[in-house]
Amino acid sequence: MYKKLLSFLLFILSLTSWGQFSDTLFIYKDSADIRGYQTTFAIFSSVDSFRIESYSTNVSVGETINLTIINRDTLPHTFTVDNIITTGNIINANDTVTFSFSFNLPGTHIFYSDVSYGKNLGASGQILVGYENYPHFYWNLFDQEVALSHDLALLNTSAIPSSYLPEVYTINFNSYPQTIADTNALVVGNVSDTLIISIINTGKMAHALHFHGYHVEILFHSKNNLMEGLLKDTFPLEVDAACIVRLIPNQSGMYPVHDHNLFAVNTGGYPGGMITMINISP
Amino acid sequence: MKKILLIFLMVLSLHSLAQNVKHVFLYTKMDAKHTFYDGTKAEVWVYGYYDPATHQKLSASLPGPFLEFNVGDSVIIHFWNDTGEPHTIHLHGLDVDQPNDGVPNTSYAVAAFDSTTYHFNTDHPGNFLYHCHVHTSIHLQKGMYGGIRVWGNPNQLFSGGPYFYQSSDFIASDVYTNWNTDIFQDYFLINGMQNQQTGMYQQDIIYVEEDTSYLLNLFNIGYSITDFIFPNELNAVVHSSDGRPLPSIHQTDSLRIYPGERYSVIIKPSMYYNGTIDVKYKSMFEDQYHHTNQIWVNIFPSEIKEEKSISTIIYPNPASEYLTVESLIKDQEITVFDTQGKILTQLIFGGKNTYDISNWKPGTYYFKIGNEIKPIVISR
Ligand SMILES: [Cu+2]
Ligand SMILES: [Cu+2]
């Protein structure tokens with residue numbers, strides 16, 4: 001009886017420790033096949049192995065986030081959130097560091113490794129703050145020039161050349177049609193639902209997303225506040241932009257969303273690359 | 001029972017009365033030739049109108065025919081794919097349903113020499129686009145695109161929105177000679193034209209009286225980012241984008257439009273101005289401009305308009321190689337002075353004529369037309 005009561009008390013305690021979000025991420029660097037392109041990635045993985053993943057999570061405004069980062073790479077990385085965590089954030093090879101922080105406004109934020117072989121190779125993810133009561137989807141737009149990815153990983157170069165011309169365009173590091181197997185990238189809902197899509201651009205060039213079937217309302221745009229409040233079917237995400245859009249579908253069906261820079265929809269053949277789908281039931 | 005049927009039929013007929021059905025007849029052409037500013041004639045794939053009665057093909061062009069509808073129209077596009085490859089029409093921004101979306105893998109492709117109809121309603125006034133969605137990177141940039149304007153109330157941008165007196169539509173696009181993997185950008189277009197071409201036709205030049213609102217519908221369907229640079233004299237205000245009003249309007253001197261975006265801008269010049277809206281093209285890959293095109297703008301004082309109602313126009317201004325004079329008045333006398341007041345030439349003129357001015361020295365020239373004196377700048 002006493003034991004039961006204690007466990008019940010502990011259960012209540014754990015429930016009331018709201019305002020705290022904790023998770024562990026592992027930095028891995030390896031190469032992956034993206035529709036025939038053998039590309040080097042650095043990834044914040046939520047499991048202790050290399051896999052194609054763009055980590056994302058949703059927290060409340062003011063909630064304390066405790067992220068423990070374990071660096072499985074042979075080189076140091078950082079855990080950087082612009083304006084929040086910018087110093088004292090180095091994680092050496094095989095080290096473990098826990099970062100505690102919070103956001104006091106609704107929005108969405110990029111975290112990344114601020115080294116030449118970090119974000120440039122995909123070491124990034126996103127934290128959506130607020131909008132807890134709606135279904136969420138997360139898109140991390142990323143582009144990569146295959147040879148450059150190897151050079152960055154091998155420390156042959158640390159800069160993006162002005163002749164940068166990517167072959168690989170991805171959403172959450174997947175190229176269509178793999179994107180629609182990703183529950184974060186494929187938007188699923190019903191007519192009249194309120195759906196929240198958090199979108200970041202961690203690539204090296206701007207992307208212009210076009211929605212078929214719907215206009216979306218831009219709720220937040222970190223690089224261009226003139227965009228906030230607009231109802232758009234096409235809008236840009238500049239380099240390092242983070243934005244939140246609200247979709248309230250008024251019709252059912254399966255509709256593509258893609259970069260309207262048409263270089264981005266050919267990865268591994270057309271249609272491929274930076275394309276996902278919205279699938280709405282009546 | 002009969003009563004119910006009668007009511008049913010009445011409701012049906014009311015419904016069809018409320019909607020204005022508009023038919024559009026478009027065909028495809030894959031061996032069209034487009035003449036670029038440097039004289040190059042290159043193969044483009046385009047849309048054109050055809051006559052439904054005779055199946056006679058009318059002009060096909062890059063961009064394709066500019067389609068205009070009114071809010072509340074029920075549109076049927078009769079699409080005749082008279083080529084050996086599949087094509088579609090995607091109605092970009094019109095939020096049509098899945099079967100009419102023109103995407104091969106979620107809707108369907110129209111097979112070679114087949115035809116179909118696309119159905120949709122126009123719910124919002126604004127600027128939209130149509131383009132082929134079969135292997136878009138090739139088909140679109142080969143030229144299979146055009147603009148769509150949905151009009152609301154006459155001379156009003158949208159219900160509750162601003163009024164305007166006249167309007168022009170400008171579609172920015174680009175063409176790469178090597179469409180597949182080479183990003184070398186060969187041609188940068190406004191309504192299919194580049195450089196001196198943009199000042200050659202009167203319909204592409206903005207003539208606006210001072211203190212008059214003039215609507216610019218701007219589209220980008222290229223690979224490049226485009227920056228529209230508005231001179232301060234034009235008092236350019238952005239009112240809507242992608243067929244929706246902005247929550248708050250804003251004045252602009254530089255409007256960036258990404259591939260697939262559209263904007264509506266109203267200019268209301270407060271003073272005399274002769275010059276250009278520059279359209280600058282920037283690659284998505286790197287941070288530098290590759291080209292600048294000009295949209296020519298002539299603002300004239302309101303008194304002249306009242307007196308003469310633009311009986312004579314001279315364009316482009318500034319000019320470099322050619323100058324076109326158009327006059328509605330027969331035997332109009334035009335005297336050309338230099339800045340010293342010296343008479344250079346006198347013309348008796350009527351109709352439309354284009355003059356080779358390539359041997360005129362750069363500088364300002366005054367054209368006296370009746371009581372009006374127009375400065376024209378020659379620059380190279
Ligand atoms: Cu086509
Ligand atoms: Cu489109």
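How many residue pairs are in polar contact between domain 1 of chain B and domain 2 of chain B? Sixteen is the count: 16 residue pairs, both at pLDDT 80 or more. A polar contact here is a pair of N or O atoms within 3.5 Å; within protein, one must be able to donate a hydrogen and the other to accept it, and residues adjacent in sequence count only if both atoms are side-chain atoms.

Some ground rules. This is a predicted model, where local features need pLDDT of at least 70, side-chain atom pairs count only at pLDDT 80 or more, and totals for chains, interfaces and linings use all residues. Residues are numbered from 1 along each chain as its sequence is written, chains are lettered from A and ligands numbered from 1 in the order in which they are written, and side-chain values use heavy atoms, with hydrogens and water left out.

Now, the domains. Chain B splits into domain 1 (16-151), domain 2 (166-300) and domain 3 (312-378); the bounds come from an automatic or database domain assignment. I stay with domains 1 and 2 of chain B. Their C-alpha centres lie 23 Å apart. In contact (heavy atoms within 4.5 Å) are 30 residues of domain 1 of chain B and 30 residues of domain 2 of chain B.

Next, area. Buried area is the accessible area (1.4 Å probe) that two parts lose on being put together, summed over both. Domain 1 and domain 2 of chain B bury about 2,500 Å² between them, with 61% of it on carbon and sulfur atoms. On the domain 1 side, Y37(B), N127(B) and Q141(B) lose the most area to domain 2 of chain B, together 31% of what that side buries.

Charges next. A salt bridge is a side-chain nitrogen of Lys or Arg within 4 Å of a carboxyl oxygen of Asp or Glu. Between domain 1 and domain 2 of chain B the count is one. D95(B) forms a salt bridge with R244(B), and the closest N and O atoms are 3.4 Å apart.

Let me turn to the two chains. Here 42 residues from chain A meet 39 residues from chain B in the contact. Chain A and chain B bury about 3,200 Å² between them, 60% of it on carbon and sulfur atoms. In chain A, L262(A), F263(A) and Y270(A) lose the most area to chain B, together 20% of what that side buries.

The polar side of this interface: 27 residue pairs are in polar contact between chain A and chain B, both at pLDDT 80 or more. Three salt bridges are found across the interface. K232(A) meets D242(B) in a salt bridge, 3.4 Å from N to O.

Which elements of chain A each supply at least two residues of the side that touches chain B? They are strand 14 (207-211), strand 16 (231-232), strand 17 and strand 19 (253-259). Strands (E, at least two residues) are DSSP runs, numbered from the N terminus. Strand 19 of chain A gives the most, with five residues.

T234(A) sits in strand 17 (residues 234-237) of chain A. T234(A) counts as buried, because its relative accessibility is 0%; buried means under 20% relative accessible area (1.4 Å probe, protein chains only). Its side chain joins that of H210(A) in a polar contact of 3.0 Å. Leaving aside neighbours within four places in sequence, T234(A) is in contact with residues including L209(A), H92(B), D242(B) and R262(B).

Technical notes: Helix = DSSP H or I, 4+ residues; strand = E, 2+ residues; numbered from the N terminus. Buried < 20%, exposed > 50% of the residue type's maximum accessible area, 1.4 Å probe, protein only.
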